[in-house]
Amino acid sequence: MSSPHGSIPALVTPLDEDGHLLEDALRRVLDHVIAGGSHGVFVLGSSGEIYALSDAQKRRVVEVTVEHVAGRVPVYAGASEITTPDCIRTARMVQEVGGVDALSVLTPYFMTPTQGELVEHYTAIAGSTDLPVLLYDNPGRTHVTLEIGTVLRLAEVDGIIGLKDSAGDLERLHRILVERPEGFCVLMGMDARILPALLAGADGAIASTGNIAPHVVAGIYDAFRGGDLDRAAALQEALIPLRALVDRATFPLVLKEGLRAAGVEAGTCAAPAREVDPALRAELQEVVTGLQAR
């Protein structure tokens with residue numbers, strides 16, 4: 001397995017009004033992002049409403065994804081539950097299904113573990129599965145931070161191969177990039193900062209806007225790798241209006257509405273996330289139409 005890199009959309013999970021999985025819609029989303037040049041796909045993240053899915057639905061999401069992707073790009077999956085035993089259960093399920101290249105594990109939420117407890121948490125998860133593990137730090141949503149020293153300590157644990165960083169602190173990111181051990185990958189988790197992260201030495205991005213405009217997000221990475229910094233900067237700037245709309249409704253409603261605006265039906269979100277202002281929908285359509293022309 002190559003180290004995770006490039007543009008990896010954090011995919012939505014298409015659901016109907018009753019919360020049932022829309023398997024054909026998931027297949028359409030997968031085809032959409034792969035056709036857009038994505039370098040991998042990531043399911044069962046926060047964008048994928050892992051918190052709203054039953055164990056059976058989680059398994060089916062992984063099964064459908066692995067089967068439909070059929071080796072076209074690497075597949076990554078989340079095992080981001082609240083407790084260590086629940087994360088281990090999900091990790092083992094993903095391993096049992098097979099075909100997944102690595103797991104992403106968000107810090108626990110609804111509780112605030114100490115740094116020592118986080119080390120124990122991730123070490124236990126990594127030791128419970130043969131799948132490589134990516135740390136996932138998103139303090140804006142979880143109110144839990146993986147401190148730099150904790151990240152570097154965990155980077156030495158067998159089975160832990162990288163970090164998805166959604167902390168938003170570029171100085172912190174730079175320190176991790178400078179001090180990380182060889183082979184430890186770092187992926188930006190904030191869509192508006194993909195290019196700055198790449199310039200600092202990051203390996204790619206796991207980006208939710210990659211659902212809607214995969215060619216733009218992948219284009220930032222491809223242009224950067226090709227040495228065309230002007231194009232990379234232009235695409236990064238073009239992505240900003242879309243990212244600004246994502247939090248204008250209950251997350252991740254705007255992602256599914258944006259897919260609809262791009263011509264891909266992705267259902268709705270788990271209740272109570274249902275309300276989208278018509279003015280926001282119109283603004284989103286304008287932004288998405290503009291991005292499709294990039």
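Against which helices do the buried residues of α11 pack? The buried residues of helix α11 pack against α1 (23-35), α10 (229-246) and α12 (278-292).

## Basis of the model

This is a predicted model, in which local features need pLDDT of at least 70, side-chain atom pairs count only at pLDDT 80 or more, and totals for chains, interfaces and linings use all residues. Residues are numbered from 1 along each chain as its sequence is written, and side-chain values use heavy atoms, with hydrogens and water left out.

## Helix α11

Helices (H or I, at least four residues) and strands (E, at least two) are DSSP runs, numbered from the N terminus. Helix α11 covers residues 253-261, and eight of its nine residues are buried. Buried means under 20% relative accessible area, exposed means over 50%, and partly exposed lies in between (1.4 Å probe, protein chains only). The buried set consists of L253, V254, L255, K256, E257, G258, L259 and A261. Just after α11, G263 has a positive phi of about 95°.

## R260

R260 lies in helix α11 and counts as partly exposed because its relative accessibility is 31%. Leaving aside neighbours within four places in sequence, R260 is in contact (heavy atoms within 4.5 Å) with E265 and G267.

The side chains of R260 and E265 make a polar contact at 2.8 Å. A polar contact is a pair of N or O atoms within 3.5 Å; within protein, one must be able to donate a hydrogen and the other to accept it, and residues adjacent in sequence count only if both atoms are side-chain atoms. R260 and Q285 are 25 residues apart along the chain, and their C-alpha atoms are separated by 8.9 Å.

## The sheet

Eight strands form an open sheet with parallel pairing, in the order β1-β8-β7-β6-β5-β4-β3-β2. Its edge strands, β1 (6-9) and β2 (41-43), each pair on one side only. Two strands pair if DSSP finds at least two bridges between them. From one strand to the next the twist averages 25°.

Strands β4 (residues 102-106) and β5 (residues 133-137) run parallel and are joined by four bridges. Y136 in β5 is the bridge partner of L106.

## Helices on the sheet

Helix α4 (residues 115-128) packs on the sheet and touches β4, β5 and β6 (160-165); its direction makes about 155° with that of β4. Helix α9 (residues 214-225) also packs on the sheet, touching β1 and β8 (204-207), and its direction makes about 160° with that of β1. Axes are lines fitted to C-alpha atoms, for helices over the stretch in contact, and angles run from 0 to 180 degrees between N-to-C directions.
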